[in-house]
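Below is a briefing on one protein chain, grouped by topic. Please read it alongside the sequence and the coordinates.

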Amino acid sequence: MSTWWEAGAWGLLGGAALVVGAAIAWFVSVPQRVSASIMAFGAGVLISALAYDLTLEAQETGGTVATVVGVLGGAAAYAGANALVSRFGGRHRKRSGGQQPTEADSQGSGAAIAIGSLLDGIPESVVLGVSLVTGGGVSTTLIAAIFISNVPEGLSSVVGMKRAGRSAGYVFGVWGAIAVACAASAAAGFLLAGVAPPLAVAVVTAVAAGAILAMVADTMIPEAFERAHLMTGLITAVGFLVAFALSQAGA
């Protein structure tokens, strides 16, 4: 039987991928086209996971209306929060090409980038904890999607942070704190799913799917397209098919 601390451990694993990506970017010079290609692959993996693991599961549990409302609500909530964060300098938090503002350019942008990065990680962590209850065990496809997508997220974002003059203490403090927050979010998702009725769990799952989809479109694909250009669509499709194959293998 899964427990809340097991959910937290899986959430921490997913969040740790951000730290791995951050460390790679801080200590190794990674070509921007390579990081963008990995970002495109991660986007495809996430799209597949939210389609075949999250949205489908929400529909089967709560029905079409609850799923549609949840997905639209999650996307709208993310878009609204992202717009607020962007006003204070967090818009380009995953960009590696110098778009991130320095603190001198935009006072408080460091905090905005940190909050925005936390905003990106919470939905996938919550639904990871939920999946331990609804699926009876961790979803291989979901944890793989989260880990694979988080590495390039951390990598690309930290390249931009270095260009903006952020310190090592800031960079690793942000990503370490987010990894811990991912663990807490996964544990909270597990506890929520354990006491909530099936319809509420379905709505939460759909909300997370909508938020993740909005995050992919708003923050991952723009970075991937700018650097990988015409290969972005193909690489994203490969990521989608890899995750789809994992999903079918575990079905």
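**Confidence and conventions**

In the protein chain of this predicted model, mean confidence is lowest in H4, at 79, and highest in helix H3 (residues 64–87), at 91. The score is pLDDT, the predictor's confidence in each residue, from 0 to 100. Its mean over the protein chain is 83, and 86% of the residues reach 70 or more. Where pLDDT is low, the predicted coordinates should not be read in detail.

Residues are numbered from 1 along each chain as its sequence is written, and side-chain values use heavy atoms, with hydrogens and water left out. Because the model is predicted, local features need pLDDT of at least 70 and side-chain atom pairs count only at pLDDT 80 or more, while totals for chains, interfaces and linings use all residues. Helices (H or I, at least four residues) and strands (E, at least two) are DSSP runs, numbered from the N terminus.

**Nonpolar cores**

- A nonpolar core is a set of buried Ala, Val, Leu, Ile, Met, Phe, Trp, Tyr and Cys residues joined through side-chain atoms within 4.5 Å; buried means under 20% relative accessible area, exposed over 50%, and partly exposed in between (1.4 Å probe, protein chains only).
- The largest core has 27 residues, of which Leu46, Leu54, Leu142, Val216 and Met220 touch the most other members.
- At least two residues of this core come from each of helix H2 (32–62), helix H4 (109–134), helix H5 (140–163), helix H7 (198–228) and helix H8 (232–249).
- H7 gives the most, with 9 residues.
- A second, separate core of 13 residues includes Leu155, Val159, Met161 and Ile178.
- Beyond residues up to four places away in sequence, leucine 46 is in contact (heavy atoms within 4.5 Å) with Glu124, Ala145, Ser149, Glu153, Ile212, Met215, Val216 and Met220.

**Helix packing against H5**

- The axes of H2 and H5 come within 8 Å and cross at roughly 145°; axes are lines fitted to C-alpha atoms, for helices over the stretch in contact, and angles run from 0 to 180 degrees between N-to-C directions.
- The crossing of H2 and H5 is left-handed, a term for the near helix being turned anticlockwise from the far one by less than a right angle, with right-handed meaning clockwise.
- Residues of H2 in this contact include Leu46, Ala49 and Leu54, and those of H5 include Leu142, Ala145 and Ser149.
- H1 and H5 pack at an angle of about 35°, with their axes 7 Å apart, and their crossing is right-handed.
- On the H1 side the contact includes Trp10, Gly14, Leu18 and Trp26, and on the H5 side Ile143, Phe147, Val151 and Val159.

**Individual residues**

- Serine 48, in helix H2, is buried, with a relative accessible area of 1%.
- The side chain of serine 48 reaches the backbone oxygen of phenylalanine 240 at 3.2 Å.
- Leaving out residues up to four places away in sequence, serine 48 touches Asp53, Phe240, Ala243 and Phe244.
- Threonine 236 in helix H8 counts as buried because its relative accessibility is 16%.
- Outside four places in sequence, threonine 236 is in contact with Ala40, Ala43 and Gly44.
- Valine 242, also found in helix H8, is partly exposed, with a relative accessible area of 35%.
- Valine 242 and threonine 141 are 101 residues apart in sequence and 9.3 Å apart in space, C-alpha to C-alpha.
- Serine 29 lies in the loop between helix H1 (4–27) and H2 and counts as exposed, at 72% relative accessibility.

How values were computed
Polar contact = N/O pair within 3.5 Å; in protein donor to acceptor, adjacent residues only side chain to side chain.
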